[in-house]
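Have the structure open as you read along.

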Amino acid sequence: NLAWYTKRDSIHTAVVGAFRTCGLSVYDAAHAGNSFPDLVVGCNGITYLVELKTGNAPQTEGQAAFAKAWRGSPVVVLRSVKDCVDWACKIRRARAA
């Protein structure tokens, strides 16, 4: 059934693994639909919504509208496995300080 098909960015699986290796909690929400971000990530008691994009791919209109309307912390957009690892290290250090 194509209604359940969700396109994932090519870095999706590698990013989930990298976040978990860095000690973050990860919930893969790519199946949620309705422009909800790809991942829910937890670190040091804080929950982040993460949208994965590769290269210069823009957010869809729905993703941009979701991010604008979201009243929690800003949706984080990450574009490579390296960006994800760097961001994970940054948020871990920020809360540890």
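Searching the whole structure turns up four aromatic pairs, where rings of Phe, Tyr and Trp (its six-membered ring) pair if their centres lie within 6.5 Å, and planes under 30 degrees apart count as stacked, over 60 as edge-to-face and the rest as tilted. One of them joins Tyr48 and Trp87 in an edge-to-face arrangement, 5.1 Å centre to centre with 85 degrees between the planes. Tyr48 belongs to strand E3 (residues 46–52) and Trp87 to helix H3 (residues 81–96), so this pair ties together parts that are 39 residues apart in sequence. Helices here (H or I, at least four residues) and strands (E, at least two) are DSSP runs, numbered from the N terminus.

A word on the ground rules: this is a predicted model, in which local features need pLDDT of at least 70 and side-chain atom pairs count only at pLDDT 80 or more, while totals for chains, interfaces and linings use all residues. Residues are numbered from 1 along each chain as its sequence is written, and side-chain values use heavy atoms, with hydrogens and water left out.

Are the two partners buried or exposed? Tyr48 is buried, at a relative accessible area of 12%, and Trp87 is buried too, at 11%. Buried stands for under 20% relative accessible area, exposed for over 50%, and partly exposed for what lies in between (1.4 Å probe, protein chains only). Phe66 and Trp70 make a stacked pair, with 5.4 Å centre to centre and 20 degrees between the planes. In that pair Phe66 counts as buried at 19% relative accessibility, whereas Trp70, at 38%, is partly exposed. The two pairs sit side by side in this table:

| Pair | Centre to centre | Angle between planes | Class |
|---|---|---|---|
| Tyr48 and Trp87 | 5.1 Å | 85 degrees | edge-to-face |
| Phe66 and Trp70 | 5.4 Å | 20 degrees | stacked |

Tyr48 and Trp87 also belong to one aromatic cluster with Phe19.

Phe19 brings us to helix H1 (residues 12–21), whose buried residues are His12, Val15, Val16, Ala18 and Phe19. Viewed down the axis of H1, these buried residues fall within an arc of 165 degrees, so they line one face of the helix; the arc is that of the directions from the helix axis to the C-beta atoms. Thr13 and Thr21 are the exposed residues on the face of H1 turned away from its buried side. After H1 comes Gly23, with a positive phi near 90 degrees.

Arg92 lies in helix H3 and is partly exposed, at 40% relative accessibility.

Which side chains meet in a salt bridge? They are those of Lys82 and Asp86, at 2.7 Å from N to O, and the count for the structure comes to one salt bridge, meaning a side-chain nitrogen of Lys or Arg within 4 Å of a carboxyl oxygen of Asp or Glu. Both residues lie in H3, four residues apart, about one turn of the helix. Lys82 is exposed, with a relative accessible area of 57%, while Asp86 is partly exposed at 37%.

Asp38 tells another story. Asp38 is found in the loop between strand E1 (25–28) and strand E2 (39–43). Asp38 is buried yet has no salt bridge, and Lys53, the nearest side chain of opposite charge, is 6.3 Å away. For charge, Lys and Arg count as positive and Asp and Glu as negative, with His and the chain ends not counted. What the side chain of Asp38 does reach is the backbone nitrogen of Leu52, at 2.8 Å.

Next, the cysteines. Zero disulfides are found in a search of the whole structure, a disulfide being a pair of cysteine sulfur atoms within 2.5 Å. The sulfur of Cys22 lies 5.1 Å from the closest cysteine sulfur, that of Cys89, which is too far for a bond. Cys22 is buried at 14% relative accessibility, and Cys89 is partly exposed at 32%.

Stepping back, the protein chain has three helices and four strands, running α-β-β-β-α-β-α from the N terminus on. Of its 97 residues, 33% count as buried.

How values were computed: A polar contact is a pair of N or O atoms within 3.5 Å; within protein, one must be able to donate a hydrogen and the other to accept it, and residues adjacent in sequence count only if both atoms are side-chain atoms.
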